[in-house]
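Here is a short note for a colleague who is new to this entry. Please read the points with the model open.

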Amino acid sequence: MNIAGIIFLVLIAIIAYLFIYLTVKINSMDAEIRDKNSEIDGNLWDRAFQLSKLVEILQNKSIENDIEVVDVNTFGLGMAASMQSLNCEKLDVSDEKLRAILKEHPELEQDEDFGTHLAKFNNARVELKKGSLEYNKRVSKYNSFISGFPVSFIAAFHKKSEKPSFTHYFKEFES
């Protein structure tokens, strides 16, 4: 075998190694994003479920409200970030209404069951906010990674494209 053949084989081996390495890196980054997306789904579901329990308690106490309870049965794993943001917005609108009711009915804070569901509802919001920040950090890193050369060609080969960010803005509520 001549020197040109050896160089050619070494070059093919390097290209194959690079292709495999970058494919694994792209897929692992994609898996991290899916994991964070699933965490957001879980926190949204928990928040909507706790809200339904809070509204149920309000109804049992005959406290009038116009809080929209999002149907948790419409939630599923792998929900698009845009749908997650939309559901998060709906839950925050309901959260504002719930806080207004709490101001009108401070006796609700003495109800142990209500307090438990309220704490879980608020905790799910905190976890949702943290999860969305982690998700967006990973999406930004992924999108930057697959936009460079030669990774963009490998990503296109595997039909991978940029991921959307979670776009809901979490405003601060008064305690």
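Which residue forms a salt bridge with Asp-92, and how far apart are the closest N and O atoms?

1. The partner is Arg-125, with the closest N and O atoms 3.2 Å apart. The two sit in distant parts of the chain: Arg-125 in helix H3, Asp-92 in helix H2, 33 residues apart. Both Arg-125 and Asp-92 are buried. Note that this is a predicted model.

2. Asp-92 also forms a salt bridge with Arg-47, at 3.1 Å between the closest N and O atoms. This pair links helix H2 (residues 81–104) to helix H1, across 45 residues. Arg-47 has a relative accessible area of 0%. For Asp-92 the value is 2%. Buried means under 20%, so Asp-92 qualifies.

3. These contacts belong to a network of salt bridges. Its linked residues are Arg-47, Asp-92, Asp-95, Arg-99 and Arg-125. The whole structure holds 16 salt bridges.

4. Another salt bridge joins the side chains of Arg-34 and Asp-30, 2.8 Å from N to O. Here both residues lie in helix H1 (residues 3–60). They are four residues apart, about one turn of the helix. Asp-30 is buried, at 5% relative accessibility. Arg-34 is partly exposed, at 47%.

5. Check the geometry of helix H3 (residues 112–147). At 1.5 Å a residue, its 36 residues should span 52 Å. The end C-alpha atoms are 52 Å apart, so the two values agree.

6. Look at the start of H3 too. Asp-111 caps the N-terminal end of H3. One of its side-chain oxygens lies 2.9 Å from the backbone nitrogen of Asp-113.

Methods. Residues are numbered from 1 along each chain as its sequence is written. This is a predicted model: local features need pLDDT of at least 70, side-chain atom pairs count only at pLDDT 80 or more; totals for chains, interfaces and linings use all residues. Side-chain values use heavy atoms; hydrogens and water are left out. The expected span of a helix is 1.5 Å times one less than its number of residues. A polar contact is a pair of N or O atoms within 3.5 Å; within protein, one must be able to donate a hydrogen and the other to accept it, and residues adjacent in sequence count only if both atoms are side-chain atoms. A salt bridge is a side-chain nitrogen of Lys or Arg within 4 Å of a carboxyl oxygen of Asp or Glu. Buried means under 20% relative accessible area, exposed over 50%, partly exposed in between (1.4 Å probe, protein chains only).
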